[in-house]
Amino acid sequence: MTITTSNGIDWPIYYADTVRIGNPDSDTALICLWTKKTHVDTVVNDDHYALLGQLYSYGIEILCRNLLANNKIRYLVVTGIDLNDVSPGLINLFEYGLNPDNTIPGTNIEVSDDLAEHLDVLTDRVTLVDERRSNDFDDLNETLRSLP
C-alpha cells in the first residue's frame with residue numbers, strides 16, 4: 001500500500017512492500033529498528049503515524065530518501081531494539097549532519113553525493129524523536145499523541 005503525497009507521488013517510493021502504512025494524514029514516521037514491525041503494530045495506534053518500518057544498517061539512505069519524498073513528514077520517531085548499532089548513525093545524522101567525506105559522524109556509514117546535497121532540507125524539516133529508552137510500546141502511543 002502507498003500514500004499519494006501532496007506533490008502527487010506514490011509514497012513511500014522505496015520498499016513500500018516492507019513498511020506498514022498507517023494514517024496518510026499523519027506527519028510522523030515510526031522506525032522500530034530491529035524490533036519486528038508486526039510487534040509494534042499490535043500495540044501502537046496506526047492513527048498516530050503515516051509509516052511504520054524497521055531499520056537495518058543499509059537502510060539509512062533509503063529511509064532518508066523516503067522522508068524527503070513526503071513533505072508532510074515532520075517527525076521521525078525511533079524506537080525498538082538495535083542489534084547492530086544502526087541507531088547511533090541515524091541519531092548522529094540528524095544531530096551533526098555529515099562529515100566532509102559524506103560519512104555520518106561516529107560511524108563508517110557513507111551516504112551518496114546526491115542524497116548528501118539534500119540532507120539539510122531533511123534535517124531542517126524533520127525532528128528526530130529518540131524513544132529507544134523503552135520497549136514498552138504502550139508508552140509510545142502517548143509520545144505519538146503528544147507530538148505537536
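Biologist: Which residues does Asn92 touch, not counting residues up to four places away in sequence?

Modeller: Contact here means heavy atoms within 4.5 Å. By that rule, Asn92 touches Gly97, Ile104, Pro105 and Gly106. Before we go on, this is a predicted model, where local features need pLDDT of at least 70, side-chain atom pairs count only at pLDDT 80 or more, and totals for chains, interfaces and linings use all residues. Residues are numbered from 1 along each chain as its sequence is written, and side-chain values use heavy atoms, with hydrogens and water left out.

Biologist: Where does Asn92 lie, and is Asn92 buried or exposed?

Modeller: Asn92 lies in helix H3. Helices (H or I, at least four residues) and strands (E, at least two) are DSSP runs, numbered from the N terminus. As for burial, under 20% relative accessible area is buried, over 50% is exposed, and in between is partly exposed (1.4 Å probe, protein chains only). Asn92 has 16%, so it is buried.

Biologist: How many of the residues of helix H3 are buried?

Modeller: Seven of the 10 residues in H3 (87–96) are, so the helix is largely enclosed by the rest of the structure. They are Ser87, Gly89, Leu90, Ile91, Asn92, Leu93 and Phe94. These buried residues pack against H2, strand E6 (75–78), helix H5 (119–125) and strand E7 (127–130). Just after H3, Gly97 takes a positive phi of about 80°.

Biologist: And how do I read a pair of aromatic rings?

Modeller: You describe such a pair by the distance of the centres and the angle of the planes. Rings of Phe, Tyr and Trp (its six-membered ring) pair if their centres lie within 6.5 Å; planes under 30 degrees apart count as stacked, over 60 as edge-to-face, and the rest as tilted. That gives a count of one aromatic pair here. Trp34 and Tyr56 make an edge-to-face pair, 4.6 Å centre to centre with 80° between the planes.

Biologist: What does the pair tie together?

Modeller: Trp34 sits in the loop between strand E4 (28–31) and helix H1 (37–41), and Tyr56 in the loop between E5 and H2, so the pair ties together parts that are 22 residues apart in sequence. Trp34 is partly exposed at 32% relative accessible area, and Tyr56 is partly exposed at 24%.

Biologist: How many disulfides are there?

Modeller: A disulfide is a covalent bond between the sulfur atoms of two cysteines. The search asks for a pair of cysteine sulfur atoms within 2.5 Å, and over the whole structure it finds zero. Cys32 is in no disulfide, and its nearest cysteine sulfur, that of Cys64, is 17 Å away. Cys32 is buried, with a relative accessible area of 0%, and Cys64 counts as buried at 1%.

Biologist: Last one: what lines the largest pocket?

Modeller: Rolling a probe the size of a water molecule over the atoms shows where empty space is left. On a 1 Å grid over the protein atoms alone, using a 1.4 Å probe, a pocket is an open set of points with protein on both sides within 12 Å along at least five of seven lines, and lining residues have an atom within 4 Å of a point. The largest pocket is lined by 18 residues, with Tyr15, Thr18, Val19, Gln54 and Ile62 nearest its centre. H2 gives the most to this lining, with four residues.
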